[in-house]
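User: I would like to understand how the labels given to a structure follow from its values. Could we go through them one at a time?

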Amino acid sequence: AMKSAKLGKICENISRYYELKLDDKLSIILNLIEPLMTFIVAIGVLFLALGIFLPMWELNSINKF
């Protein structure tokens, strides 16, 4: 009877252990993805900026003739 009374506590400990393990793995994955996402956003901003400035520079070079 004593062993079965501890079953709930044991299950709680096991679930807490795997929850902490999952949190650790998720934080590692997010720390690896974060610089990649920053790089992708930077490429997007560069693409948009070039889309605005390249036609302006081309108009400027046509105007000199």
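User: What percentage of the 65 residues of the protein chain count as buried?

Analyst: This is a predicted model, and in it 0% of the 65 residues of the protein chain count as buried. The chain has 2 helices and 0 strands, and its accessible surface comes to about 6,400 Å², of which 74% belongs to carbon and sulfur atoms.

User: Why is Leu 54 called partly exposed?

Analyst: Leu 54, which has its place in helix 2 (residues 7-63), has a relative accessibility of 39%. Buried means under 20% and exposed over 50%, so Leu 54, at 39%, counts as partly exposed.

User: Which residues form a nonpolar patch on the surface together with Leu 54?

Analyst: The patch is formed by Leu 46, Leu 50, Ile 52, Phe 53, Leu 54, Met 56 and Trp 57, which together have about 700 Å² of accessible area.

User: How many aromatic pairs are there, and what makes the pair of Tyr 17 and Tyr 18 edge-to-face?

Analyst: The count comes to 2 aromatic pairs. The ring centres of Tyr 17 and Tyr 18 lie 5.0 Å apart, with the planes at 75°; a pair needs centres within 6.5 Å, and planes over 60 degrees apart count as edge-to-face, so this pair is edge-to-face.

User: Why is the pair of Phe 53 and Trp 57 called stacked?

Analyst: The rings of Phe 53 and Trp 57 have their centres 5.8 Å apart and their planes at 20°, and because planes under 30 degrees apart count as stacked, the pair is stacked. Both residues lie in helix 2, 4 residues apart, about one turn of the helix.

How values were computed
Residues numbered from 1 in each chain as written. Predicted model: local features only at pLDDT ≥ 70, side-chain atom pairs only at ≥ 80, totals over all residues. Heavy atoms only, no water. Patch = residues over 30% accessible without salt bridge, like charges linked within 9 Å, V, L, I, M, F, W, Y side chains within 5 Å. Areas by Shrake-Rupley, 256 points an atom, 1.4 Å probe, with all protein chains shown as cover. Salt bridge = Lys/Arg side-chain N within 4 Å of Asp/Glu carboxyl O. Buried < 20%, exposed > 50% of the residue type's maximum accessible area, 1.4 Å probe, protein only. Phe/Tyr/Trp six-rings, centres within 6.5 Å; stacked < 30°, edge-to-face > 60°.
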